[in-house]
Amino acid sequence: MGHPPPIPYGTPPGALPPPPPARGAGPLVIVLVAVAVAALVAVGGLGAYLVLRDDDSSAAASSGPVDLRVPLTFRLVASVSAPPCTGGSVTVTGASECYTLGSDTLAVRRLEEVKAVPPDPARGSPGWSVTLRLTSADTPGFAALTRKAADAFAARTPGGRMAMLVGGTLVSEPAQVMRAITGGQVEINGPADRFTRAYTENLVHRMIGK
């Protein structure tokens, strides 16, 4: 029995259209890939997507099941402000905003699998990416966190954006979450010039301690 094809870039049925793209180079974004969930979000000048994943691309760096050397933390955004970042707010290179993270969080210390995946333009992934498969113990918590983010997104509040941190360091700009992610599989993706093989393998190695 075949799998449904990946959802292409574009607004899925029932989703709100993204805002017009910003001029100039876009900021780093994070892409979350969920099994059986598809939704479009937009951050700054580039799009961050929740799309169907139905393949098993080969990876250059892969490990699992694995206990993480440094925790992988998902946190909802409490507020957004303009630089300079003060009062504990954080940002990433190339971003035009500062993010104060809220108390809604999920710390992951074990993954069923983590791997760096080569580019696959056919499914809308021009650069390298990192895919994560959460444990059955963490999947419900992640679903609850993304469900709360989706509710905040519908209310047009900052909590509709979710940040991902490795060892306390923000990996990319927080992504908007439009629907709960219940499958436990996540993909971290961004601009091809930033998400190179070396960058994604370094993320994997930081998490697994190699």
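This is a dialogue about side-chain contacts in a predicted model.

Trainee: What should I know about numbering and cut-offs in this model?
Mentor: Residues are numbered from 1 along each chain as its sequence is written, and side-chain values use heavy atoms, with hydrogens and water left out. Because the model is predicted, local features need pLDDT of at least 70 and side-chain atom pairs count only at pLDDT 80 or more, while totals for chains, interfaces and linings use all residues.

Trainee: What makes F74 and F142 an aromatic pair, and of which kind?
Mentor: Rings of Phe, Tyr and Trp (its six-membered ring) pair if their centres lie within 6.5 Å; planes under 30 degrees apart count as stacked, over 60 as edge-to-face and the rest as tilted. The F74 and F142 centres are 4.9 Å apart with 65 degrees between the planes, which makes the pair edge-to-face. F74 lies in strand β4 and F142 in helix α1, so the pair ties together parts 68 residues apart in sequence. Helices (H or I, at least four residues) and strands (E, at least two) are DSSP runs, numbered from the N terminus.

Trainee: Which residues touch the most other members of the largest nonpolar core?
Mentor: A nonpolar core is a set of buried Ala, Val, Leu, Ile, Met, Phe, Trp, Tyr and Cys residues joined through side-chain atoms within 4.5 Å. The largest has 32 residues, and L72, F74, L111, V114 and L132 touch the most other members. Strand β4 gives the most to this core, with six residues.

Trainee: What makes E97 and R161 a salt bridge?
Mentor: The term needs a side-chain nitrogen of Lys or Arg within 4 Å of a carboxyl oxygen of Asp or Glu. E97 and R161 meet at 3.2 Å, N to O, so the pair qualifies. E97 is in the loop between β4 and β5 and R161 in strand β7, 64 residues apart. At 24% relative accessibility E97 counts as partly exposed, whereas R161, at 11%, counts as buried.

Trainee: How do you know that R161 and E173 meet in a salt bridge?
Mentor: Their N to O distance is 4.0 Å, and the cut-off is within 4 Å. R161 lies in strand β7 and E173 in the loop between β8 and β9, so the pair ties together parts twelve residues apart in sequence. E173 counts as buried because its relative accessibility is 2%.

Trainee: Which charged residue is buried yet has no salt bridge?
Mentor: D138, in the loop between β6 and α1. The nearest side chain of opposite charge, R109, is 7.5 Å away, and the salt-bridge limit is 4 Å, so no bridge is called. Lys and Arg count as positive and Asp and Glu as negative; His and the chain ends are not counted.

Trainee: What makes R156 count as lying over the face of F153?
Mentor: A charge sits over a ring if NZ of Lys or CZ of Arg is within 6 Å of the ring centre and within 35 degrees of the ring normal. R156 is at 5.2 Å from the ring centre of F153 and lies over its face.

Conventions
Buried < 20%, exposed > 50% of the residue type's maximum accessible area, 1.4 Å probe, protein only.
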